[in-house]
Amino acid sequence: MSMIRDLRAAVRPSLRKESGAYSSYDTTRDPRAASAVVDCAVYRDGRRVSCDETLTPHEAMLQVRRDGGFAWIGLHEPTEAEFAGIAAEFGLHPLAVEDAVHAHQRPKLERYDDTLFTVFKTIHYVEHAELTATSEVVETGEVMCFTGRDFFITVRHGGHGSLRALRRRLQDEPELLAKGPSAVLHTIADHVVDGYLAVADAMQVDIDDVENEVFAATGKGGSRGVDAGRIYQLKREVLEFKRAVQPLLRPMQLLSERPMRLVDPDIQKYFRDVADHLARVQEQVLGFDELLNSILQANLAQAAVAQNEDMRKITSWAAIIAVPTAVCGVYGMNFDHMPELHWRYGYPMVLGLIATVCYTIHRTLKRNGWL
């Protein structure tokens with residue numbers, strides 16, 4: 001098998017020179033494995049003109065170059081081998097291809113010749129019955145977009161953030177889809193940012209619950225405050241959210257303000273709305289971070305206050321117990337000439353004196369709030 005792969009790799013360049021393009025979708029991956037291509041279609045005048053589910057990216061581009069329109073190809077977690085043929089077909093830059101295959105990239109916008117490469121971080125809110133110190137609140141994924149003059153390629157990573165519903169919704173708006181690949185780029189950006197808004201609203205509920213518990217008179221189980229681990233875990237999830245939102249601000253501003261050949265002027269106006277929504281999400285996330293800092297400090301302060309109260313109670317009872325300890329310690333030295341040692345009422349007198357002094361100390365400390 002390794003010899004066959006080497007032979008194919010050596011033959012590919014000559015095939016490309018002879019035919020002008022080659023389709024490596026069956027030769028660069030195991031034919032028994034599922035294809036990374038989720039959907040491949042050609043759009044012309046805002047409508048899908050290719051209904052063949054077996055259409056390959058190579059065939060789609062042949063149609064586009066012959067009849068016009070653009071091709072939209074969607075992939076899910078392709079391997080280097082699976083993406084190699086598509087990258088060669090559309091002339092994608094090797095650096096962008098490497099980022100798209102290996103993922104774990106910051107949100108960004110880069111231009112390579114006649115292609116725009118955009119990275120979006122998708123955020124999914126993880127439902128949970130109760131927030132714990134190990135709860136996963138947000139789950140992240142990535143969508144990489146290659147925007148060309150007559151093609152649009154999406155590479156998705158992660159188990160959520162499917163674009164099937166978005167593709168169907170966009171196909172129901174042929175006027176918008178007729179604007180070309182930049183319309184698809186805007187729709188995906190708008191979809192991702194709308195997801196941020198939904199996650200921010202859900203996280204607001206978690207933060208409100210934690211805040212109410214911290215500042216309540218007693219928390220769950222009758223103890224003051226909440227577990228600091230829960231607050232810290234929520235803060236880490238907010239930080240993950242922040243890493244997805246903040247780096248995307250600059251790309252959205254560029255798409256909404258700077259004229260670009262690959263972005264239709266009419267579509268550029270819509271990016272302003274996306275940038276406004278993104279700025280709103282960023283303000284929320286920064287507010288979450290600051291609020292959680294305050295909640296964590298308040299929780300630690302409550303713990304310190306509770307410890308001080310416990311120490312005052314311990315000190316108060318130690319002062320009360322010191323009275324009988326001292327008296328009994330004196331009388332336990334067995335001297336012959338002790339006060340009232342041979343008096344008939346000496347024993348009850350000493351017990352009464354101890355009780356009186358202890359009662360007086362207890363009442364005084366309680367009046368001062370120590371007990």
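Which helices and strands do the buried residues of α9 pack against? They pack against β4 (108-112), β5 (115-125), α7 (181-215), α8 (228-245) and α10 (265-331).

## Basis of the model

This is a predicted model: local features need pLDDT of at least 70, side-chain atom pairs count only at pLDDT 80 or more, and totals for chains, interfaces and linings use all residues. Residues are numbered from 1 along each chain as its sequence is written, and side-chain values use heavy atoms, with hydrogens and water left out.

## Confidence

The protein averages a pLDDT (the predictor's confidence in each residue, from 0 to 100) of 81. A score of at least 70 is reached by 86% of the residues. Strand β7 (residues 151-157) has the highest confidence, at 94. Helix α1 (residues 2-19) has the lowest, at a mean of 36.

Over residues 1-34, pLDDT stays under 50. The model has 28 contacts (heavy atoms within 4.5 Å) beyond four places in sequence for that stretch. Residues 218-222 also stay under 50, with six such contacts. Where pLDDT is low, the predicted coordinates should not be read in detail.

## Overall build

The secondary structure comes to eleven helices and seven strands. These are DSSP runs, numbered from the N terminus: helices are H or I, at least four residues, and strands are E, at least two. Of the 371 residues, 43% count as buried. Buried means under 20% relative accessible area, exposed over 50%, and partly exposed in between (1.4 Å probe, protein chains only).

Among contacts between residues at least 6 apart in sequence, 67% join residues at least 24 apart.

## Helix α9

Helix α9 spans residues 249-257. Its buried residues are Leu249, Pro251, Met252, Leu254, Leu255 and Ser256.

## Gly148

Gly148 lies in the loop between β6 (138-147) and β7. Gly148 is buried, with a relative accessible area of 2%. Beyond its neighbours within four places in sequence, Gly148 contacts Asp114, Pro181 and Leu262. Gly148 and Phe117 are 31 residues apart in sequence; their C-alpha atoms are 9.1 Å apart in space.

## The α2 and α3 pair

Helix α2 (residues 57-67) packs on helix α3 (residues 80-90) at an angle of about 15 degrees, with axes 10 Å apart. Axes are lines fitted to C-alpha atoms, for helices over the stretch in contact, and angles run from 0 to 180 degrees between N-to-C directions. That angle makes α2 roughly parallel (under 35 degrees) to α3. Pro57, His58, Met61 and Arg65 of α2 make the contact with Ile86, Glu89 and Phe90 of α3.

Definitions and conventions. Angles under 35 degrees count as roughly parallel, over 145 as roughly antiparallel, 65 to 115 as roughly perpendicular and the rest as oblique.
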